Amino acid sequence: MHPMVKPALRRGWRDLNTVQFGMTPAHALTVGPLDTATGSFLDLLDGTRGLELLREEGRRMDLPDGHADRLVRRLSRAGLLDDSRGGGPAGEALRGKPEVLERLRPDLASLSLTTSEPGDPLRRLAARRSMRVQVRGAGRVGAAVAALLSGGGVGEVLVRDVGRVEPWDVAPGGLPPEAVGERREEAARRAVRRAAPDRPPRGTARSPLEEGDPGYSLVVLAPRDDVAVHAPDPSAAEPLLASGTPHLYAGVVEATGVAGPLVLPGETGCAGCLQQDRVDRDPTWPRLAAQWRSGRRRRAGACDVTLAMTVAGLAAAHALAFLDGLVPSTAGARWEVSLPGLHWHARPVWPHTGCPCGAAGRSPRQEKGSGPGEGKREHTGDGGSRATMAVQGPPDQCPRQADAERPAGTWRAHV
(Lines give C-alpha, C1' and ligand atoms only; values in the text may rest on other atoms or scores of the structure.)
Protein backbone atom coordinates (compact mmCIF):
# COMPACT_ATOMS: atom_id res chain seq x y z
CA MET A 1 0.00 0.00 0.00
CA HIS A 2 1.16 3.53 -0.88
CA PRO A 3 -1.10 5.70 1.33
CA MET A 4 -2.32 8.99 -0.06
CA VAL A 5 -4.54 11.56 1.61
CA LYS A 6 -7.40 11.96 -0.84
CA PRO A 7 -6.39 14.95 -2.99
CA ALA A 8 -10.03 15.77 -3.75
CA LEU A 9 -10.45 16.99 -0.16
CA ARG A 10 -9.07 20.46 0.51
CA ARG A 11 -7.21 20.70 3.81
CA GLY A 12 -7.28 23.51 6.36
CA TRP A 13 -6.25 23.96 9.98
CA ARG A 14 -9.07 24.95 12.28
CA ASP A 15 -6.57 25.71 15.04
CA LEU A 16 -3.02 24.67 16.01
CA ASN A 17 -4.11 21.11 16.81
CA THR A 18 -7.08 20.36 14.52
CA VAL A 19 -7.09 19.85 10.77
CA GLN A 20 -10.19 19.74 8.59
CA PHE A 21 -10.30 17.63 5.43
CA GLY A 22 -12.92 18.79 2.96
CA MET A 23 -15.21 21.80 2.74
CA THR A 24 -18.73 20.47 2.14
CA PRO A 25 -20.95 19.01 4.88
CA ALA A 26 -21.36 15.74 2.97
CA HIS A 27 -17.66 14.89 2.99
CA ALA A 28 -15.81 17.10 5.49
CA LEU A 29 -14.08 15.54 8.50
CA THR A 30 -11.93 16.97 11.26
CA VAL A 31 -8.92 15.24 12.85
CA GLY A 32 -7.37 16.24 16.16
CA PRO A 33 -5.62 16.84 18.36
CA LEU A 34 -2.47 16.64 16.24
CA ASP A 35 1.01 17.60 17.37
CA THR A 36 3.37 19.48 15.04
CA ALA A 37 5.31 16.39 14.01
CA THR A 38 2.17 14.44 13.12
CA GLY A 39 0.86 17.41 11.16
CA SER A 40 4.10 17.47 9.17
CA PHE A 41 3.87 13.71 8.65
CA LEU A 42 0.54 14.18 6.87
CA ASP A 43 2.40 15.87 4.02
CA LEU A 44 4.27 12.61 3.41
CA LEU A 45 1.03 10.75 2.67
CA ASP A 46 1.08 11.65 -1.01
CA GLY A 47 1.12 8.19 -2.58
CA THR A 48 4.85 8.17 -3.39
CA ARG A 49 5.95 6.09 -0.37
CA GLY A 50 5.13 2.63 0.84
CA LEU A 51 4.55 1.81 4.50
CA GLU A 52 8.15 0.80 5.16
CA LEU A 53 9.49 4.09 3.87
CA LEU A 54 6.85 5.97 5.87
CA ARG A 55 8.01 4.16 9.01
CA GLU A 56 11.57 5.27 8.32
CA GLU A 57 10.43 8.85 7.80
CA GLY A 58 8.52 8.68 11.06
CA ARG A 59 11.61 7.56 12.94
CA ARG A 60 13.59 10.45 11.44
CA MET A 61 10.90 12.79 12.75
CA ASP A 62 11.19 11.22 16.24
CA LEU A 63 7.67 9.87 16.12
CA PRO A 64 6.99 6.94 18.49
CA ASP A 65 7.36 3.39 17.14
CA GLY A 66 4.18 2.26 15.44
CA HIS A 67 2.82 5.79 15.23
CA ALA A 68 2.95 5.86 11.41
CA ASP A 69 1.01 2.60 11.17
CA ARG A 70 -1.58 3.74 13.69
CA LEU A 71 -2.09 7.05 11.91
CA VAL A 72 -2.42 5.39 8.51
CA ARG A 73 -4.85 2.82 9.92
CA ARG A 74 -7.06 5.43 11.58
CA LEU A 75 -7.09 7.77 8.61
CA SER A 76 -7.91 4.81 6.40
CA ARG A 77 -10.82 3.76 8.60
CA ALA A 78 -12.09 7.34 8.48
CA GLY A 79 -12.17 7.17 4.69
CA LEU A 80 -9.49 9.82 4.24
CA LEU A 81 -6.87 7.69 2.52
CA ASP A 82 -6.49 6.16 -0.91
CA ASP A 83 -3.86 3.75 -2.21
CA SER A 84 -1.97 5.08 -5.23
CA ARG A 85 -1.06 1.50 -6.20
CA GLY A 86 -4.48 0.00 -5.44
CA GLY A 87 -7.35 -1.06 -7.65
CA GLY A 88 -6.32 -4.65 -8.35
CA PRO A 89 -5.46 -6.01 -11.80
CA ALA A 90 -8.19 -3.97 -13.51
CA GLY A 91 -6.91 -0.81 -11.85
CA GLU A 92 -3.38 -1.61 -12.92
CA ALA A 93 -4.56 -2.09 -16.48
CA LEU A 94 -6.26 1.32 -16.38
CA ARG A 95 -3.08 2.92 -15.01
CA GLY A 96 -1.39 1.48 -18.09
CA LYS A 97 -3.55 3.81 -20.21
CA PRO A 98 -2.48 7.23 -18.92
CA GLU A 99 -4.38 9.17 -21.58
CA VAL A 100 -7.62 7.43 -20.55
CA LEU A 101 -6.93 7.89 -16.86
CA GLU A 102 -6.20 11.59 -17.33
CA ARG A 103 -9.52 11.99 -19.12
CA LEU A 104 -11.28 10.29 -16.19
CA ARG A 105 -9.27 12.03 -13.46
CA PRO A 106 -12.24 14.14 -12.20
CA ASP A 107 -14.44 11.03 -12.11
CA LEU A 108 -11.77 9.20 -10.13
CA ALA A 109 -11.56 12.11 -7.68
CA SER A 110 -15.33 12.02 -7.24
CA LEU A 111 -15.26 8.28 -6.57
CA SER A 112 -12.62 8.87 -3.93
CA LEU A 113 -15.19 10.87 -1.97
CA THR A 114 -17.92 8.23 -2.21
CA THR A 115 -15.76 5.22 -1.28
CA SER A 116 -13.90 4.50 1.93
CA GLU A 117 -11.49 1.63 1.30
CA PRO A 118 -8.06 2.53 -0.12
CA GLY A 119 -7.89 1.43 -3.75
CA ASP A 120 -11.67 1.37 -4.20
CA PRO A 121 -11.91 4.52 -6.37
CA LEU A 122 -9.74 3.11 -9.16
CA ARG A 123 -11.22 -0.35 -8.72
CA ARG A 124 -14.74 0.96 -9.27
CA LEU A 125 -13.71 3.19 -12.15
CA ALA A 126 -12.02 0.22 -13.82
CA ALA A 127 -15.09 -1.96 -13.16
CA ARG A 128 -17.23 0.44 -15.19
CA ARG A 129 -15.24 -0.55 -18.26
CA SER A 130 -16.67 -4.08 -18.02
CA MET A 131 -20.27 -2.86 -17.78
CA ARG A 132 -22.82 -3.24 -20.55
CA VAL A 133 -25.72 -0.77 -20.56
CA GLN A 134 -28.59 -0.33 -22.99
CA VAL A 135 -30.43 2.97 -23.47
CA ARG A 136 -33.85 2.74 -25.10
CA GLY A 137 -34.69 6.04 -26.68
CA ALA A 138 -32.47 8.47 -28.58
CA GLY A 139 -34.27 11.75 -28.13
CA ARG A 140 -33.00 14.75 -26.19
CA VAL A 141 -32.86 12.84 -22.90
CA GLY A 142 -31.87 9.36 -24.06
CA ALA A 143 -29.02 10.40 -26.34
CA ALA A 144 -27.54 12.60 -23.60
CA VAL A 145 -27.84 9.81 -21.00
CA ALA A 146 -26.02 7.44 -23.34
CA ALA A 147 -23.23 9.95 -23.98
CA LEU A 148 -22.86 10.71 -20.27
CA LEU A 149 -22.59 7.04 -19.33
CA SER A 150 -19.99 6.51 -22.03
CA GLY A 151 -18.08 9.60 -20.91
CA GLY A 152 -18.23 8.33 -17.33
CA GLY A 153 -16.28 5.23 -18.28
CA VAL A 154 -18.98 2.62 -18.96
CA GLY A 155 -17.37 0.23 -21.42
CA GLU A 156 -20.32 -0.61 -23.66
CA VAL A 157 -23.36 1.64 -24.11
CA LEU A 158 -25.85 0.44 -26.71
CA VAL A 159 -28.71 2.64 -27.95
CA ARG A 160 -32.02 1.42 -29.35
CA ASP A 161 -34.58 3.57 -31.17
CA VAL A 162 -36.40 3.84 -34.49
CA GLY A 163 -36.86 6.50 -37.10
CA ARG A 164 -34.64 9.36 -38.10
CA VAL A 165 -33.31 12.35 -36.20
CA GLU A 166 -35.63 15.35 -36.25
CA PRO A 167 -34.47 18.94 -35.72
CA TRP A 168 -36.03 18.97 -32.24
CA ASP A 169 -33.97 15.93 -31.18
CA VAL A 170 -30.80 18.03 -31.30
CA ALA A 171 -29.36 19.13 -27.95
CA PRO A 172 -25.95 19.97 -26.48
CA GLY A 173 -24.30 16.83 -25.20
CA GLY A 174 -26.64 14.63 -27.24
CA LEU A 175 -27.34 14.53 -30.96
CA PRO A 176 -25.55 17.22 -33.02
CA PRO A 177 -27.23 19.35 -35.72
CA GLU A 178 -25.46 17.46 -38.50
CA ALA A 179 -27.27 14.27 -37.41
CA VAL A 180 -30.68 15.55 -38.57
CA GLY A 181 -32.11 13.10 -41.09
CA GLU A 182 -29.87 10.21 -40.03
CA ARG A 183 -31.11 7.04 -38.34
CA ARG A 184 -31.47 7.75 -34.64
CA GLU A 185 -29.62 4.63 -33.55
CA GLU A 186 -26.61 5.35 -35.71
CA ALA A 187 -26.45 9.01 -34.71
CA ALA A 188 -26.70 8.13 -31.01
CA ARG A 189 -23.99 5.50 -31.30
CA ARG A 190 -21.64 8.05 -32.82
CA ALA A 191 -22.39 10.40 -29.92
CA VAL A 192 -21.53 7.56 -27.54
CA ARG A 193 -18.24 6.90 -29.32
CA ARG A 194 -17.32 10.58 -29.28
CA ALA A 195 -17.93 10.77 -25.53
CA ALA A 196 -15.98 7.62 -24.67
CA PRO A 197 -12.56 8.22 -23.05
CA ASP A 198 -11.35 4.98 -24.60
CA ARG A 199 -12.27 2.95 -27.64
CA PRO A 200 -15.28 0.87 -26.54
CA PRO A 201 -15.43 -2.86 -27.21
CA ARG A 202 -17.11 -3.97 -30.40
CA GLY A 203 -20.86 -3.71 -29.97
CA THR A 204 -23.38 -6.21 -31.23
CA ALA A 205 -27.01 -6.02 -32.21
CA ARG A 206 -28.05 -8.84 -29.88
CA SER A 207 -31.16 -8.66 -27.75
CA PRO A 208 -30.51 -9.02 -24.02
CA LEU A 209 -32.69 -12.14 -23.99
CA GLU A 210 -31.02 -14.03 -26.83
CA GLU A 211 -29.57 -17.38 -25.86
CA GLY A 212 -26.01 -17.04 -24.65
CA ASP A 213 -26.18 -13.26 -24.35
CA PRO A 214 -24.51 -11.96 -21.17
CA GLY A 215 -27.29 -9.42 -20.65
CA TYR A 216 -27.05 -5.88 -19.39
CA SER A 217 -25.95 -4.47 -16.09
CA LEU A 218 -28.68 -1.84 -16.54
CA VAL A 219 -31.28 -0.74 -19.08
CA VAL A 220 -32.31 2.94 -19.21
CA LEU A 221 -35.78 3.59 -20.60
CA ALA A 222 -35.87 7.15 -21.96
CA PRO A 223 -38.79 7.27 -24.41
CA ARG A 224 -39.38 10.24 -26.68
CA ASP A 225 -43.14 9.79 -26.31
CA ASP A 226 -44.24 11.95 -23.37
CA VAL A 227 -47.15 9.60 -22.57
CA ALA A 228 -44.67 6.76 -22.10
CA VAL A 229 -42.72 9.00 -19.71
CA HIS A 230 -45.76 9.88 -17.59
CA ALA A 231 -47.45 6.48 -17.76
CA PRO A 232 -44.86 3.82 -18.66
CA ASP A 233 -46.43 0.71 -20.16
CA PRO A 234 -45.78 -2.24 -17.79
CA SER A 235 -45.79 -4.73 -20.67
CA ALA A 236 -42.70 -3.06 -22.18
CA ALA A 237 -40.67 -4.02 -19.12
CA GLU A 238 -41.98 -7.57 -18.70
CA PRO A 239 -38.92 -9.16 -20.37
CA LEU A 240 -36.64 -7.12 -18.12
CA LEU A 241 -38.51 -8.24 -15.01
CA ALA A 242 -38.48 -11.86 -16.18
CA SER A 243 -34.71 -11.79 -16.78
CA GLY A 244 -33.98 -9.92 -13.55
CA THR A 245 -32.52 -6.94 -15.41
CA PRO A 246 -32.44 -3.64 -13.47
CA HIS A 247 -33.96 -0.74 -15.38
CA LEU A 248 -34.25 2.99 -14.84
CA TYR A 249 -36.88 5.34 -16.27
CA ALA A 250 -36.15 8.92 -17.36
CA GLY A 251 -37.73 11.54 -19.56
CA VAL A 252 -39.61 14.82 -19.89
CA VAL A 253 -43.38 15.23 -20.15
CA GLU A 254 -45.18 18.59 -20.42
CA ALA A 255 -42.23 20.59 -19.06
CA THR A 256 -41.85 18.13 -16.17
CA GLY A 257 -38.67 16.12 -15.83
CA VAL A 258 -38.83 12.60 -14.42
CA ALA A 259 -35.97 10.43 -13.19
CA GLY A 260 -36.93 7.05 -11.78
CA PRO A 261 -37.95 4.68 -10.62
CA LEU A 262 -34.91 2.45 -10.69
CA VAL A 263 -36.50 -0.98 -10.73
CA LEU A 264 -34.64 -3.81 -9.02
CA PRO A 265 -36.77 -6.80 -10.09
CA GLY A 266 -38.45 -8.48 -7.18
CA GLU A 267 -37.21 -5.82 -4.76
CA THR A 268 -38.62 -2.40 -5.64
CA GLY A 269 -41.78 -1.04 -7.21
CA CYS A 270 -42.02 -1.22 -11.01
CA ALA A 271 -44.12 0.37 -13.76
CA GLY A 272 -46.88 -2.14 -13.00
CA CYS A 273 -46.87 -1.13 -9.33
CA LEU A 274 -47.08 2.52 -10.36
CA GLN A 275 -50.04 1.77 -12.63
CA GLN A 276 -51.86 -0.30 -9.99
CA ASP A 277 -51.43 2.43 -7.39
CA ARG A 278 -52.78 5.06 -9.78
CA VAL A 279 -55.83 2.91 -10.50
CA ASP A 280 -56.44 2.52 -6.76
CA ARG A 281 -56.32 6.27 -6.23
CA ASP A 282 -58.15 7.27 -9.43
CA PRO A 283 -60.66 4.82 -10.97
CA THR A 284 -60.73 6.87 -14.19
CA TRP A 285 -56.99 6.42 -14.75
CA PRO A 286 -57.28 3.48 -17.23
CA ARG A 287 -59.72 5.50 -19.36
CA LEU A 288 -57.39 8.51 -19.44
CA ALA A 289 -54.29 6.45 -20.15
CA ALA A 290 -56.02 4.65 -23.03
CA GLN A 291 -57.01 7.97 -24.59
CA TRP A 292 -53.50 9.40 -24.22
CA ARG A 293 -51.92 6.34 -25.79
CA SER A 294 -54.34 6.14 -28.70
CA GLY A 295 -54.53 9.87 -29.39
CA ARG A 296 -52.69 11.60 -32.19
CA ARG A 297 -49.08 12.18 -31.22
CA ARG A 298 -47.72 15.69 -31.34
CA ARG A 299 -44.63 16.14 -33.46
CA ALA A 300 -42.65 17.74 -30.64
CA GLY A 301 -43.41 17.64 -26.94
CA ALA A 302 -42.72 20.30 -24.33
CA CYS A 303 -39.13 19.27 -23.63
CA ASP A 304 -37.08 22.35 -22.75
CA VAL A 305 -33.43 21.73 -23.65
CA THR A 306 -32.10 22.73 -20.23
CA LEU A 307 -34.67 20.56 -18.47
CA ALA A 308 -33.79 17.64 -20.74
CA MET A 309 -30.11 18.00 -19.90
CA THR A 310 -30.93 18.29 -16.19
CA VAL A 311 -32.92 15.05 -16.26
CA ALA A 312 -30.28 13.30 -18.35
CA GLY A 313 -27.56 14.33 -15.91
CA LEU A 314 -29.52 13.15 -12.87
CA ALA A 315 -30.52 9.87 -14.50
CA ALA A 316 -26.94 9.17 -15.60
CA ALA A 317 -25.65 9.98 -12.11
CA HIS A 318 -28.11 7.54 -10.54
CA ALA A 319 -27.22 4.92 -13.14
CA LEU A 320 -23.51 5.25 -12.38
CA ALA A 321 -24.18 5.06 -8.64
CA PHE A 322 -26.02 1.79 -9.21
CA LEU A 323 -23.29 0.42 -11.46
CA ASP A 324 -20.77 1.34 -8.75
CA GLY A 325 -22.61 -0.92 -6.33
CA LEU A 326 -24.84 1.54 -4.44
CA VAL A 327 -28.59 1.97 -4.12
CA PRO A 328 -29.48 5.49 -5.34
CA SER A 329 -32.60 7.30 -4.20
CA THR A 330 -34.43 6.51 -7.45
CA ALA A 331 -34.77 2.89 -6.29
CA GLY A 332 -38.51 2.77 -5.64
CA ALA A 333 -39.12 6.47 -6.31
CA ARG A 334 -39.71 8.96 -9.13
CA TRP A 335 -37.91 12.29 -8.85
CA GLU A 336 -39.91 15.00 -10.61
CA VAL A 337 -39.17 18.65 -11.36
CA SER A 338 -41.32 21.10 -13.32
CA LEU A 339 -40.76 24.43 -15.02
CA PRO A 340 -40.71 27.21 -14.04
CA GLY A 341 -40.33 26.56 -10.29
CA LEU A 342 -37.77 23.75 -10.65
CA HIS A 343 -38.45 22.25 -7.23
CA TRP A 344 -37.52 18.56 -7.06
CA HIS A 345 -40.00 16.17 -5.44
CA ALA A 346 -39.59 12.47 -4.73
CA ARG A 347 -42.73 10.40 -5.28
CA PRO A 348 -42.42 6.87 -3.84
CA VAL A 349 -43.35 3.90 -6.03
CA TRP A 350 -44.31 1.29 -3.45
CA PRO A 351 -44.51 -2.43 -4.37
CA HIS A 352 -48.17 -3.26 -5.03
CA THR A 353 -49.77 -6.52 -3.98
CA GLY A 354 -51.75 -6.63 -7.21
CA CYS A 355 -48.65 -6.44 -9.42
CA PRO A 356 -47.16 -9.74 -10.65
CA CYS A 357 -43.59 -8.42 -10.29
CA GLY A 358 -43.43 -10.01 -6.81
CA ALA A 359 -41.80 -7.08 -5.04
CA ALA A 360 -44.67 -6.79 -2.56
CA GLY A 361 -44.21 -10.40 -1.51
CA ARG A 362 -40.70 -9.86 -0.19
CA SER A 363 -39.61 -8.07 2.94
CA PRO A 364 -39.73 -4.39 1.94
CA ARG A 365 -36.36 -2.75 1.58
CA GLN A 366 -37.98 0.58 2.43
CA GLU A 367 -39.99 1.40 5.49
CA LYS A 368 -42.49 4.20 5.71
CA GLY A 369 -41.02 7.14 7.50
CA SER A 370 -37.70 6.82 5.71
CA GLY A 371 -36.86 8.72 2.58
CA PRO A 372 -37.76 7.13 -0.76
CA GLY A 373 -34.98 4.97 -2.06
CA GLU A 374 -32.99 5.31 1.16
CA GLY A 375 -31.02 2.24 2.09
CA LYS A 376 -29.32 1.66 5.40
CA ARG A 377 -26.69 4.28 6.06
CA GLU A 378 -23.61 4.00 8.18
CA HIS A 379 -21.18 6.48 9.66
CA THR A 380 -17.63 6.28 8.38
CA GLY A 381 -15.92 8.42 11.02
CA ASP A 382 -13.37 6.80 13.29
CA GLY A 383 -13.27 7.52 16.98
CA GLY A 384 -9.85 5.95 17.51
CA SER A 385 -6.96 8.18 18.54
CA ARG A 386 -3.37 8.53 19.51
CA ALA A 387 -3.86 9.72 23.04
CA THR A 388 -7.21 11.50 22.48
CA MET A 389 -7.05 12.05 18.72
CA ALA A 390 -10.51 11.89 17.20
CA VAL A 391 -11.90 11.94 13.67
CA GLN A 392 -15.31 13.53 13.31
CA GLY A 393 -17.46 15.83 11.25
CA PRO A 394 -16.69 19.54 11.65
CA PRO A 395 -18.94 21.61 13.94
CA ASP A 396 -22.28 22.77 12.53
CA GLN A 397 -22.04 20.29 9.68
CA CYS A 398 -23.79 17.01 9.01
CA PRO A 399 -21.74 13.92 9.88
CA ARG A 400 -20.40 12.20 6.83
CA GLN A 401 -22.45 9.26 5.68
CA ALA A 402 -22.12 6.74 2.88
CA ASP A 403 -24.90 5.30 0.73
CA ALA A 404 -25.63 1.70 1.52
CA GLU A 405 -23.98 -1.03 -0.45
CA ARG A 406 -26.49 -2.72 -2.71
CA PRO A 407 -28.01 -5.75 -0.94
CA ALA A 408 -28.05 -9.13 -2.58
CA GLY A 409 -31.16 -9.55 -4.69
CA THR A 410 -32.63 -11.39 -7.64
CA TRP A 411 -31.74 -8.80 -10.25
CA ARG A 412 -28.89 -9.16 -12.67
CA ALA A 413 -26.05 -6.87 -11.68
CA HIS A 414 -22.43 -6.35 -12.70
CA VAL A 415 -22.78 -8.82 -15.56
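**Group meeting: cores and salt bridges in a predicted model**

Of the 415 residues in the protein chain, 49% count as buried, meaning under 20% relative accessible area with a 1.4 Å probe, protein chains only; exposed is over 50%, and partly exposed is in between. This is a predicted model, where local features need pLDDT of at least 70, side-chain atom pairs count only at pLDDT 80 or more, and totals for chains, interfaces and linings use all residues. Residues are numbered from 1 along each chain as its sequence is written, and side-chain values use heavy atoms, with hydrogens and water left out.

Now the interior. A nonpolar core here is a set of buried Ala, Val, Leu, Ile, Met, Phe, Trp, Tyr and Cys residues joined through side-chain atoms within 4.5 Å. The largest one has 40 residues, and those touching the most other members are Val-141, Val-145, Leu-149, Val-154, Leu-218 and Leu-323. Among the elements that each supply at least two residues are α8 (140-151) and β9 (247-253). Helix α14 gives the most, with 10 residues; helices are DSSP runs of H or I, at least four residues, and strands are runs of E, at least two, numbered from the N terminus. A second, separate core of 21 residues includes Phe-21 and Val-72.

Next, the charged pairs. A salt bridge puts a side-chain nitrogen of Lys or Arg within 4 Å of a carboxyl oxygen of Asp or Glu, and the count is 23. In one of them, Arg-347 and Glu-336 have their closest N and O atoms 2.8 Å apart. Arg-347 lies in strand β12 and Glu-336 in strand β11. Arg-347 is partly exposed at 46%, whereas Glu-336 is buried at 15%.
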